[in-house]
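Dear colleague,

Please find below the structure that I am handing over to you. My findings come after it, and I would ask you to read them with the structure open.

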Amino acid sequence: MRRLLCATALSGALLVLGACTADKSADSTATPATVVSATAEPGGSGAPTPAGSSAAGGDAALKGNTKAICDQAARTGGEAADKFAQDLKLLIEAETAQDPAAVTKARAKTSRDVENYASALADMAKLASEPELKKALSAMGKKVSTLKGDIRKLVPSDFVELQDTLAKACGVA
């Protein structure tokens with residue numbers, strides 16, 4: 001029962017994180033969304049790759065475009081929140097079933113999803129030209145990296161604070 005309560009609290013916090021900037025970026029002045037490919041590039045991190053980008057060259061459509069980077073960060077955050085909630089549920093179900101193979105598989109998936117989100121944040125930080133935005137995205141990427149693939153280490157209040165910093169850098173707070 002305790003695990004279920006933790007999972008509910010964590011997934012709720014993660015969904016709020018994704019919704020914070022997603023709601024604010026969905027106003028009528030939003031620029032057209034950058035298309036994201038869900039497939040990983042060969043030899044890449046497995047993180048979603050914005051359209052028009054390559055693993056080596058960065059994304060020309062986002063480079064220096066604060067609005068596009070903020071929109072991408074909002075979408076990526078929402079997707080990560082959904083994945084983390086699903087991953088936590090999958091992990092709890094595998095542990096409850098006492099299936100070591102399923103636990104190993106769930107942990108591997110969770111680890112990949114955490115690494116992909118951290119990489120996406122770091123990549124967006126590299127593309128940002130605004131110092132505040134670059135700093136916010138870098139801080140978020142580093143914080144996600146500290147999870148080391150274990151979403152149970154996530155402290156929702158830390159991410160809410162970082163999300164607020166990102167919202168201010170994007171001019172929506």
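The notes below go from confidence and overall layout to individual residues.

This is a predicted model, in which local features need pLDDT of at least 70 and side-chain atom pairs count only at pLDDT 80 or more, while totals for chains, interfaces and linings use all residues. Residues are numbered from 1 along each chain as its sequence is written, and side-chain values use heavy atoms, with hydrogens and water left out.

Confidence

The average pLDDT (the predictor's confidence in each residue, from 0 to 100) is 74 for the chain, and 65% of the residues score at least 70. Over residues 1-58 the pLDDT is below 50; beyond near neighbours in sequence, this stretch has 75 contacts (heavy atoms within 4.5 Å) in the model. Where pLDDT is low, the predicted coordinates should not be read in detail.

Overall layout

The chain has 5 helices and 4 strands, in the order α-β-β-β-β-α-α-α-α along the sequence. Helices (H or I, at least four residues) and strands (E, at least two) are DSSP runs, numbered from the N terminus. Of the 173 residues, 38% count as buried; buried means under 20% relative accessible area, exposed over 50%, and partly exposed in between (1.4 Å probe, protein chains only). Among contacts between residues at least 6 apart in sequence, 62% join residues at least 24 apart.

The nonpolar core

A nonpolar core is a set of buried Ala, Val, Leu, Ile, Met, Phe, Trp, Tyr and Cys residues joined through side-chain atoms within 4.5 Å. The largest one has 30 residues, and Ile69, Leu133 and Leu137 have the most contacts inside it. Helix H2 (66-96), H3, helix H4 (131-145) and helix H5 (156-169) each give two or more residues to this core. Leaving out residues up to four places away in sequence, Leu137 touches Ile69, Ala73, Leu121, Met124, Ala125 and Leu166.

Thr76 lies in helix H2 and counts as buried, at 8% relative accessibility. Apart from neighbours within four places in sequence, Thr76 is in contact with Tyr117, Ala120 and Met124. A polar atom of the Thr76 side chain lies 2.8 Å from the backbone oxygen of Gln72.

The disulfide

The structure holds 1 disulfide (a pair of cysteine sulfur atoms within 2.5 Å). Cys70 and Cys170 form this link, with their sulfur atoms 1.9 Å apart. The pair connects distant parts of the chain, 100 residues apart: Cys70 is in helix H2 and Cys170 in the segment after H5. The link is left-handed, with -95 degrees about the S-S bond. Cys70 is buried, at a relative accessible area of 9%. Gly171, in the segment after H5, is exposed, at 61%. The C-alpha atoms of Gly171 and Cys70 are separated by 9.2 Å, although these residues are 101 apart along the chain.

Two loop residues

Most residues other than glycine have a negative phi. Gln98, in the loop between H2 and H3, has a positive phi near 55 degrees and is exposed, with a relative accessible area of 70%. Lys148, in the loop between H4 and H5, also has a positive phi, near 50 degrees, and counts as exposed at 67% relative accessibility.

Yours sincerely

Definitions and conventions: A polar contact is a pair of N or O atoms within 3.5 Å; within protein, one must be able to donate a hydrogen and the other to accept it, and residues adjacent in sequence count only if both atoms are side-chain atoms.
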